[in-house]
Structure formats: structure tokens, C-alpha cells
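Work through each task with the structure in view before reading its solution.

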Amino acid sequence: MSAIVINLETQANSSDHLIIQRPASGLSLQGRIRIPGDKSISHRALMLGAIAEGETQIQGLLLGEDPRSTAACFRALGAEISDLNTELVKVKGIGLGNFQEPINVLDAGNSGTTMRLMLGLLASHPGRFFTVTGDSSLRSRPMSRVVKPLQQMGAQIWGRKGNTLAPLAIQGQALKPIHYHSPIASAQVKSCILLAGLNTQGQTTVTEPALSRDHSERMLRAYGAELSIDPDRNSVTITGGAKLYGQTVIVPGDISSAAFWLVAGAIVPGSDLVVENVGVNPTRTGILEALELMGADIQLENQREVAGEPVADIRVRSGGLKSCTIAGDIIPRLIDEIPILAVAAAFAEGTTIIRDAEELRVKESDRITVMAQQLNKMGAKITELPDGMEITGGTPLVGAEVDSHTDHRIAMSLAIAALNATGTTTIHRAEAAAISYPNFTITLREICQ
């Protein structure tokens, strides 16, 4: 069997082209994979460590661009954060309510999590003024979903397009507690309000239409916050004023990163992969449920708990996939994995329907439009829906020139599709993968060998 060709070429404009040429004789994927630390947990460990008293030690931190943006912002606010690495990061916190006014604009880069969660903390610091911005992608993404509830609490926030787009200016206030009924199930919205409530006297409650990921609640409790949860109503209440204390945080592998290898192992014939040390928090395992609905051969091994988060090794073996409908309450638990699920659906028998996922249109790119356009270039049959996609599988994919639109999950999803496409695929602006998975191309080469 001839070898697969995987080349990463840097262009004069500093963008990367990832070229993947599958051998005519095919390939199979074998081996064990260690994935980067969970991005959601990495963000929160840095943030809570920065506002806690004492020292937080973080093991397994994700070294992507997004956590680097979080660390830079919180350093500018007064926290001492050591150089980022996967072994041990130390954060010397400044205590709740003690942000200093930064002399420069806070830059969240490409990270919506950084900006939205940080806004809750900034808005609740009376007498201090802050400005926040991000890259061109983040400056186009809606901030009204967190600005409006913060304004209900008394926050003063100004920005473009009626205070809906960054750059944003924040004049810190003594906020009042509210009970916010969120129109969407969003961990970022929920976390922003809880963090605002953390520095607000009284009880602040968030109720969602469906359960979103609960990393903030788990970690806030571990740091000493007073939280109560009503699972029947999808509500969480935080009591303001509690002191937070530094913790040791062990970050599990990110299931959103694992998803690329799970789909690769399922669609490439003869494959057998084990993805090690994956966080399997129930609010994040929608991807496993969806793949099981499609008939994927997936097993959880070595299940355990690490620092309050459930963890397992996940084994996937190739096999025929079938179509299904993915909609409703499962969507918030796999919203970031829908681009790679679209790839799985392109190789499944029958027509897969994805609905209730309009949130995808306001991510790093319009992921519904971009995934449909790029996979259709490779021969897929995808029809856009207002809130999702209709994907008719079974048509062999062929290599093509495709583009990530600077979206990390699009870049990696297209790379996995290329593994099972005939000919050569060139993915433009592939450097976007570094946002959440700096070593993606290295791992891709390793498992293809």
C-alpha cells in the first residue's frame, strides 16, 4: 500500500495550505491518540484562578490560541499567570472584585468564550472602566445575548450596532441580582451571568430551555462558590459574595477535539483508534450519542473521575453508518461537533437531518453555509436549512480545493473528509486549526502512518 501524502505549505501571506492525497489503494487508521486539553475547562481554570485567592495550579492546559487570549486578558487585569504549557501553569489570583483598570484594550482574539465570560466579571467591578475587542471574526459575532441580561442587572456597556458588536466599552457597576430566562441553551450566556452574579449581592438565577454544558457550575463549586442547581427546570442559582480559593485543576482531553478522530475511525475502512483521556461530561457527550444513533462502533474504556470531571478512553472501529435525525435537546450538547458530524453523514447510508442548530450561523463562521459549500465541492449532497442541514450520504467524495474560512472546526472537518476522498484535497487557511488543536496535522500524520 502506498503512503498517504500530507503536506502543510505556508504561503507568502502567512496562511497555510494543508494538502491531503489519499493513496489509490486506500488506507486505514490505527493507533492511540492523546488529544489537547478541554478548551472550555482551560478557559475557566484560568479565569477562576485569576479571581480566586491564593494559587491555582493547572495541569493539561490547552495551548491553543484561545486560552492564550484568556491568559493575556487576565494578566492585564492584574493576575499573575506563568508561561502556558501542558505540564503545569501557576495562577496567582487577585481575589474577587479586585481587577485593576488595564491601560490598554483587552484583546480576546478569536475567542467568544473569553469575551462573553469576561464581560460578566468586568461589568460587576464598580468604578472601573474597560474596553474589549477581538479579531475580525469575533468583532462580527453577536454580543447582545450577554449584553442584554447584563444591562438588566444594571450594567453599562456600549458598542457598535446598538451595543451588540465589539469593540465594547464597559463602565463597571454595583449590579443587582436577576432571574434570567435565557431564550437559548448556551453555556457562554449562562456562565457570563453566573460570573456577574458572583460579584453581586443576592441570588442570581439562570434558567435555560435545555441543559447546556455545566463546566462553570462544577468549577465554581470546586473554587468555593455557593451554587444551587434545579435540574428539573434547567436552572442554576449563584449567591454573590463568596470567596474563591485557588485549586489544583487537571484538564481532561477535549471531546470536541476527540470528535474528529472518532468520525475518522468510523468512516475510514479498516480503522481501529483509541482516543485517550477524554472528558465525558454528560453535558458534552451528544457527539457519542449521535454517532451511536448512526451505528458507529464506539466503546468507552477505563472510565474514571479526574478533578470532578468524568473521563474515559474511547475506542472506535470502522463500520457502515446509517442516517438519522439530530435535533432538539441534544443540540446544545454537540453544537461544536456538528461540522464533523456533517462529514460522518456524508458517508452514511440515507439522508441525515440536522435541525434546531441555528446557533451555528453565528460561530467563527456561518458553519451551516460553509460546511455545505465546502463539502459539496467534494461531491457531497448537502442542502442548507434555516437551522441546519439535510445531508444525503453515500456519494463518494473526491478531492477538491476547499477553504476553512479561518474556522478551526471547519479546517479539521475538511481534513477528515479528505482522508476518505479519492484524489488530492487542498484546504486553504488550514492554520485555523491551531485555535483549538495546535498539533492536529502532526497527529493526522501519525495515525495515517
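**Exercise 1.** Describe the lining of the largest cavity by residue class, then by residue and element.

*Solution.* By class, five nonpolar residues, one polar and one charged make up this lining, where Ala, Val, Leu, Ile, Met, Phe, Trp, Tyr, Cys and Pro count as nonpolar, Asp, Glu, Lys and Arg as charged, and the others, Gly among them, as polar. The model is predicted, with local features needing pLDDT of at least 70 and side-chain atom pairs pLDDT 80 or more, while totals for chains, interfaces and linings use all residues. Residues are numbered from 1 along each chain as its sequence is written, and side-chain values use heavy atoms, without hydrogens and water.

A cavity is a set of points, on a 1 Å grid over the protein atoms alone, where a 1.4 Å probe fits but cannot get out; a pocket is an open set with protein on both sides within 12 Å along at least five of seven lines, and lining residues have an atom within 4 Å of a point. The lining residues here are R44, M47, L48, L117, L195, S216 and L220. Two or more of them come from each of α1 and α7 (215–223), and α1 gives the most, three residues; helices are DSSP runs (H or I, at least four residues).

**Exercise 2.** State the volume of the largest pocket and the residues closest to its centre.

*Solution.* The volume is about 680 Å³, taken as the space filled by probe spheres set on grid points joined across faces, edges and corners. Of its 40 lining residues, A185, S186, I335, E359 and K363 are the closest to the centre.
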